[in-house]
Amino acid sequence: SKPVAVLSSTSIDRWVKRSTTYKYAFALGNIGGAPLDWSTTVTNADWLTVDMPSSGTIQSGQQAVIIFS
């Protein structure tokens, strides 16, 4: 069995203004039958950073919320 990654497109994706910074959140889920190890990398985009988390493991049937700013 393998992990299968899915990225939300409607459930929680949105820009949220916090103080003077806009945050973008989305859900990364795993609909496969094995844990999904993931990590983020931002290149060639000085205006974009990963707030939290920047890596992790998502168990089958679970999701993680990832926040960029």
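I looked up Asn 30 and found this residue in strand S3, which covers residues 21-30; I keep in mind that the model is a predicted one. I then checked its accessibility: Asn 30 has a relative accessibility of 2%, and because the cut-off for buried is under 20%, Asn 30 counts as buried.

Next I asked what Asn 30 touches, leaving aside residues up to four places away in sequence. I noted Pro 3, Val 4 and Val 6, then Pro 35 and Leu 36, and finally Ile 58, Gln 59, Ser 60, Gly 61 and Gln 62. For the side chain of Asn 30, I recorded a polar atom 2.9 Å from the backbone nitrogen of Gly 32.

Turning to the protein chain, I counted 7 strands and 0 helices, and reading along the sequence I wrote down the pattern β-β-β-β-β-β-β. Of its 69 residues, 26% are buried, and the accessible surface comes to about 4,800 Å², with 52% of it belonging to carbon and sulfur atoms. Among contacts between residues at least 6 apart in sequence, I found that 50% join residues at least 24 apart.

I also searched for aromatic pairs and found 1 in the structure. The partners are Phe 26 and Phe 68, stacked at 5.7 Å centre to centre with 15° between the planes. This pair links distant parts of the chain, since Phe 26 lies in strand S3 and Phe 68 in strand S7 (residues 63-68), 42 residues apart. Phe 26 is buried, at a relative accessible area of 13%, and Phe 68 is buried at 12%.

Definitions and conventions:
Residues are numbered from 1 along each chain as its sequence is written. This is a predicted model: local features need pLDDT of at least 70, side-chain atom pairs count only at pLDDT 80 or more; totals for chains, interfaces and linings use all residues. Side-chain values use heavy atoms; hydrogens and water are left out. Helices (H or I, at least four residues) and strands (E, at least two) are DSSP runs, numbered from the N terminus. Buried means under 20% relative accessible area, exposed over 50%, partly exposed in between (1.4 Å probe, protein chains only). A polar contact is a pair of N or O atoms within 3.5 Å; within protein, one must be able to donate a hydrogen and the other to accept it, and residues adjacent in sequence count only if both atoms are side-chain atoms. Contact means heavy atoms within 4.5 Å. Accessible areas come from the Shrake-Rupley method with a 1.4 Å probe; for residues, only the protein chains shown count as cover. Rings of Phe, Tyr and Trp (its six-membered ring) pair if their centres lie within 6.5 Å; planes under 30 degrees apart count as stacked, over 60 as edge-to-face and the rest as tilted.
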